Amino acid sequence: MSTSRTLLSPIFTSGKLKGIMSAVHDSTDDFMDFLAKNNNDDLEVKDTMQICTCEILARIGCGVKPDILKDPENNLFYKQVKKIFFISHSSLYLDFMEEI
């Protein structure tokens, strides 16, 4: 019987973590630029962190640089990610029921 630790341990080796650090650093540099451009007092932290997280995961997991932070509202990659991950359960249920 495999535990989640034994399944995930090979993914997080020190060599692999070192390999992704350049992508994380580049993403955080872009994130700091994004924050500097949007230096207003009212900032939706949840939305901003979702954008940053999607940017980092796209670079690490998909190997692409989607540049979500440059224009989140019009970024095709981010729009597709939101459709997949940030869908409400009620709309998912309604879509499922329409198919039946």
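Modeller: Happy to! Let's begin with K70, which counts as exposed because its relative accessibility is 62%, above the 50% cut-off. Bear in mind throughout that this is a predicted model. The side chain of K70 meets that of D67 in a salt bridge, at 3.9 Å from N to O. D67 itself is partly exposed, with a relative accessible area of 24%. You will find D67 in the loop between α3 and α4 (76-85), and its backbone deserves a glance too: D67 has a positive phi of about 55° although it is not a glycine.

In total, the count comes to three salt bridges. Through shared partners, D30, E55 and R59 are joined into one network. Take D30 and R59 to begin with: their side chains meet at 2.5 Å, N to O. That pair links distant parts of the chain, since D30 sits in helix α2 and R59 in helix α3, 29 residues apart. D30 is partly exposed, at 24% relative accessible area, whereas R59 is buried, at 12%.

R59 also forms a salt bridge with E55, where the closest N and O atoms are 2.9 Å apart. Both of these residues lie in helix α3, four residues apart, or about one turn of the helix, and both are buried.

Now look at S27, in helix α2. S27 is buried, with a relative accessible area of 0%. Setting aside neighbours within four places in sequence, S27 is in contact with E55, I56, R59 and L69, so two members of the salt-bridge network, E55 and R59, are among its contacts.

How values were computed
Residues are numbered from 1 along each chain as its sequence is written. This is a predicted model: local features need pLDDT of at least 70, side-chain atom pairs count only at pLDDT 80 or more; totals for chains, interfaces and linings use all residues. Side-chain values use heavy atoms; hydrogens and water are left out. Helices (H or I, at least four residues) and strands (E, at least two) are DSSP runs, numbered from the N terminus. Buried means under 20% relative accessible area, exposed over 50%, partly exposed in between (1.4 Å probe, protein chains only). Contact means heavy atoms within 4.5 Å. A salt bridge is a side-chain nitrogen of Lys or Arg within 4 Å of a carboxyl oxygen of Asp or Glu.
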